[in-house]
Amino acid sequence: AVVSTQSTGGEFSNCLASVGDMSDKIMRTLRQKEASFNHEIEDHRKDSLGELRVCQSLVEDKISNIESGVEFVDTVFEYWSPLEVLTVENEIVKRLTELSTEEEEFNADNLKPKPYEVPPDTGKTVADAISQMKNGAFATVEQTT
């Protein structure tokens, strides 16, 4: 049996076109997934930035409270007489104790950015795209030979 060169060349061209089409589909799928990941990462960044701003505000409030306590104590010792200091000693000690034992509303670990977690199906999506190429474009080649 003689195989026509034209039919072989035509099949080869069809296979190349099929592979090209499948490659384009895979690239579109990967670009869509990339865009989706970029969007998720941007959302994560915005959320983390919001959390950091809240923590910054808490730190600034705590610093402000400490500074006002220090200024008050400085003022008391600078301008009050020893008798005046003794009359409010219990209140001063109580307030300074409250400031020093005040429970923290956050932990320093919360200041670290939370890592972005890659969705568990990421590898599967890429593998599926490649599998489609094998099952689509190459399946046609195998059937014709």
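V88 counts as partly exposed because its relative accessibility is 24%. Here, buried means under 20% relative accessible area, exposed means over 50%, and partly exposed is in between, using a 1.4 Å probe and protein chains only. You'll find V88 in the loop between α2 (82-87) and α3 (89-101). Its C-alpha atom is 9.9 Å from that of V76, and the two residues are 12 apart along the chain.

A quick word on the model: it is predicted, so local features need pLDDT of at least 70 and side-chain atom pairs count only at pLDDT 80 or more, while totals for chains, interfaces and linings use all residues. Residues are numbered from 1 along each chain as its sequence is written, and side-chain values use heavy atoms, with hydrogens and water left out.

F72, Y79 and W80 make a nonpolar surface patch of about 340 Å². Nonpolar side chains (Val, Leu, Ile, Met, Phe, Trp, Tyr) are joined within 5 Å, and like charges within 9 Å. Accessible areas come from the Shrake-Rupley method with a 1.4 Å probe, and for residues only the protein chains shown count as cover.

| Residue | Relative accessibility | Class |
|---|---|---|
| F72 | 41% | partly exposed |
| Y79 | 61% | exposed |
| W80 | 31% | partly exposed |

Y79 lies in helix α1 (residues 5-79). Helices (H or I, at least four residues) and strands (E, at least two) are DSSP runs, numbered from the N terminus.

Methods: Patches are made of residues with over 30% relative accessible area and no salt bridge: like charges are joined within 9 Å, nonpolar side chains (Val, Leu, Ile, Met, Phe, Trp, Tyr) within 5 Å. A salt bridge is a side-chain nitrogen of Lys or Arg within 4 Å of a carboxyl oxygen of Asp or Glu.
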